[in-house]
Amino acid sequence: MLFSWALLLVCCLPAFASPESKPAPLVIQMPLVGAIGPGEVRYLRRVLDEARLRQAALVLIQLDTPGGLMESTRQIIEAM
């Protein structure tokens with residue numbers, strides 16, 4: 001009888017074990033502060049390239065800008 005309980009316990013233990021923990025998805029945070037210009041376009045492209053290399057799940061772009069050059073804004077939109 002004791003053997004039966006021990007066997008049942010050993011067989012059922014994996015069902016009660018904690019699930020394998022997966023690493024949290026990578027989120028890259030990118031602050032963009034100030035007027036939009038060619039430098040901000042280069043910065044965004046570098047961040048997006050890095051995100052691809054690191055297989056990030058998400059790039060969070062935090063904008064705090066009064067605006068800027070229309071052409072740079074178009075390039076940023078295209079890059080995204």
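Q: Which residues make up the largest nonpolar core?
A: In this predicted model, the largest nonpolar core has 10 residues: I28, M30, L32, I36, V41, L44, V47, L48, A51 and I76. Two elements, β1 (27-33) and α2 (38-53), each give two or more residues to this core. The largest share, 5 residues, comes from α2.

Q: What makes this set of residues a nonpolar core?
A: A nonpolar core requires buried residues of the nonpolar kinds, joined through side-chain atoms within 4.5 Å. Buried means under 20% relative accessible area. I28, L44 and I76 are among the residues that belong to the core.

Q: Which residues does A51 touch, leaving out those up to four places away in sequence?
A: A51 touches I28, A56 and V59. Of the residues named here, A51 and I28 are both listed in the largest nonpolar core.

Q: Why is L60 called partly exposed?
A: The relative accessibility of L60 is 39%. Partly exposed covers values between the buried limit of 20% and the exposed limit of 50%, so L60 counts as partly exposed. L60 lies in strand β2 (residues 58-64). Together with V27 and L58, L60 forms a nonpolar patch on the surface, with about 250 Å² of accessible area in total.

Key:
Residues are numbered from 1 along each chain as its sequence is written. This is a predicted model: local features need pLDDT of at least 70, side-chain atom pairs count only at pLDDT 80 or more; totals for chains, interfaces and linings use all residues. Side-chain values use heavy atoms; hydrogens and water are left out. Buried means under 20% relative accessible area, exposed over 50%, partly exposed in between (1.4 Å probe, protein chains only). Helices (H or I, at least four residues) and strands (E, at least two) are DSSP runs, numbered from the N terminus. Contact means heavy atoms within 4.5 Å. Patches are made of residues with over 30% relative accessible area and no salt bridge: like charges are joined within 9 Å, nonpolar side chains (Val, Leu, Ile, Met, Phe, Trp, Tyr) within 5 Å. Accessible areas come from the Shrake-Rupley method with a 1.4 Å probe; for residues, only the protein chains shown count as cover. A salt bridge is a side-chain nitrogen of Lys or Arg within 4 Å of a carboxyl oxygen of Asp or Glu.
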